[in-house]
Amino acid sequence: MAKTFKLELLAADRPFFIGECEHLIYPAQDGLVGVLPGHESLVTIVSPGEIQYKVDGEWRYAAISEGFAEIRSDYALILGDAIELPDEIDAKRAAEAAERAKERMQQKLSILQYYHSQAALNRAMNRLKVSKRHNHEI
Amino acid sequence: MANISEIRDRIKSINDIMKITNAMYLISSSKLKKAKKDLEATEPYFNRLIYAMRSILSRVPEKVNMRYFDQREDRKAGTRKKAFIIITADKGMCGSYNHNVIKTAETAMAQCNHVHLYVMGQLGRMYFQRKVREGELDVDTDFIYTTQNPTLHRALKIAEQMLKLFETGEVDDVYIVYTKMINSMVFEPKIQQILPLNVNNFVSSENDVTKHHEATFYPTPEAVMEHLTPNFMKGLIYGAMVESFCSEQQARMSAMDSATTSAKDMLHDLSLQYNRARQAAITQEITEVVSGAS
């Protein structure tokens with residue numbers, strides 16, 4: 001039995017995963033962060049991307065939009081706006097959202113609207129990426 | 001004794017109204033179910049968010065400049081510009097729900113000179129727009145949000161707007177007035193300050209938070225806080241919205257339930273009266289016939 005730590009992945013609309021985990025990899029602002037049991041205390045921002053976590057020797061994957069992570073030696077907490085399993089993602093919808101966001105970004109917009117479109121594009125692209133990577137066998 | 005046809009008309013109209021109140025009762029009970037489910041689904045997230053916020057605050061290095069925590073003590077109590085987000089219902093027909101919220105808001109507003117109101121819900125907006133006093137009490141007319149089916153997206157938009165107002169110095173304090181559901185029978189209008197953030201406000205039920213050791217903030221404490229604050233505001237506002245929506249539906253449900261019950265009571269009395277009147281008419285006719293025959 002490998003050493004484990006408690007992992008909580010909470011999305012804004014539901015608790016996504018709570019349980020013991022052996023290894024966690026999540027996207028931070030400038031690259032992936034890997035967490036094993038006994039990690040130093042750390043507080044970071046989570047960027048949109050793919051979370052990987054190992055439960056009972058098996059890797060699981062999920063797409064996360066923006067969030068925040070708190071790591072302690074025996075505990076990890078990730079709060080995300082949305083966390084989804086690869087097969088929950090509607091690839092078609094994500095593609096449409098990406099298209100919409102790209103279109104919007106070409107319009108003349110206020111800075112805030114531009115950032116919103118950019119964030120939407122980011123989220124959509126990330127969803128597409130994660131669903132592509134894990135759904136090809138279906 | 002009232003006329004037979006009059007009583008019949010009344011019975012008919014009460015019956016019609018009872019159908020409406022009963023339908024409203026059913027609608028609000030199904031909406032309430034959904035609202036409660038939403039609240040349960042998001043609760044862990046926001047409890048954790050508050051917890052995380054507090055634990056970060058307890059570890060953050062002292063000298064970090066956090067603009068959302070700036071209490072602006074140089075502004076005197078009389079000149080502070082205060083913003084209130086007030087959550088009312090879109091419709092009436094829910095007992096004293098709207099009345100209580102409005103009254104709480106007005107009591108709080110009475111103590112300050114410059115008030116900006118951001119009213120959610122048709123009913124409250126109508127009410128406060130009549131009370132506008134130039135320069136002292138403003139209602140933002142572009143702030144049009146419904147309170148039906150609260151969404152995170154709506155909460156985020158509101159949070160962004162409030163943070164912007166706060167940053168640009170247009171307002172110094174932001175409060176939110178909402179209705180808290182204590183249990184299914186008791187609601188309490190509540191008022192809470194959401195900006196500037198105050199460490200002491202984050203005291204929740206779990207008081208056993210231990211002070212953690214120093215932690216590494218990556219990339220910087222400021223960046224983490226900067227990112228967390230809008231999320232946190234969004235959470236606070238969403239929580240208030242959901243809580244209010246739940247209370248509204250619950251209030252409407254019980255108001256409509258009691259309306260239906262009293263309609264039934266009235267129908268009972270009226271049908272008794274109707275039967276009596278009818279019987280009296282018959283008796284009278286018989287007497288007339290009998291007396292005519294003899």
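The model is predicted; local features need pLDDT of at least 70 and side-chain atom pairs count only at pLDDT 80 or more, while totals for chains, interfaces and linings use all residues. Residues are numbered from 1 along each chain as its sequence is written, and chains are lettered from A and ligands numbered from 1 in the order in which they are written.

The axes of α2 (residues 97-109) and α3 (residues 122-129) of chain B come within 11 Å and cross at roughly 45 degrees. Axes are lines fitted to C-alpha atoms, for helices over the stretch in contact, and angles run from 0 to 180 degrees between N-to-C directions. The crossing of α2(B) past α3(B) is right-handed, that is, the near helix is turned clockwise from the far one by less than a right angle. From α2(B), B:Asn98, B:Val101 and B:Ile102 make the contact, and from α3(B), B:Leu123, B:Gly124 and B:Tyr127. Contact here requires C-beta atoms, placed from the backbone, to lie within 7 Å. Four of the contact residues are nonpolar, two are polar and none is charged.

## Domains and hairpin of chain B

Chain B has a domain 1 made of 4-23 + 255-293 and a domain 2 covering 31-253; the bounds come from an automatic or database domain assignment. The C-alpha centres of these two domains of chain B are 51 Å apart.

Strands β4 (residues 173-181) and β5 (residues 187-195) of chain B pair in the antiparallel sense over eight bridges. Pairing requires that DSSP finds at least two bridges between two strands. Helices (H or I, at least four residues) and strands (E, at least two) are DSSP runs, numbered from the N terminus. B:Tyr175 stands opposite B:Gln193 of β5(B), and five residues lie between the two strands of this hairpin.

## Where the chains meet

The contact between the chains takes 18 residues from chain A and 21 residues from chain B. On the side of chain A, β1 (5-11), β2 (14-21), β5 (42-46), β8 (67-72) and β9 (75-80) each supply at least two residues. β5(A) gives the most, with four residues. This side of chain A holds 11 nonpolar, three polar and four charged residues; Ala, Val, Leu, Ile, Met, Phe, Trp, Tyr, Cys and Pro count as nonpolar, Asp, Glu, Lys and Arg as charged, and the others, Gly among them, as polar.

β5(A) pairs with β6 (residues 216-218) of chain B in the parallel sense over three bridges. One of the bridges joins A:Val43 to B:Phe217.

## The sheets

An open sheet of six strands runs in the order β2(A)-β1(A)-β9(A)-β8(A)-β5(A)-β6(B), with mixed pairing. Its edge strands are β2 of chain A and β6 of chain B, each pairing on one side only. On average, neighbouring strands of this sheet are turned by 10 degrees against each other, direction ignored. Helix α5 (residues 221-293) of chain B packs on the sheet, touching β5 and β8 of chain A together with β6 of chain B. The direction of α5(B) makes about 60 degrees with that of β5(A).

An open sheet of five strands in chain A has the order β4-β3-β6-β7-β10, with antiparallel pairing. β4 (31-35) and β10 (83-84) of chain A are the edge strands. Within chain A, β6 (residues 49-55) and β7 (residues 58-64) pair over seven bridges, and A:Glu50 has A:Ala63 as its bridge partner in β7(A).

Note on methods:
Two residues are in contact if their C-beta atoms, placed from the backbone, lie within 7 Å.
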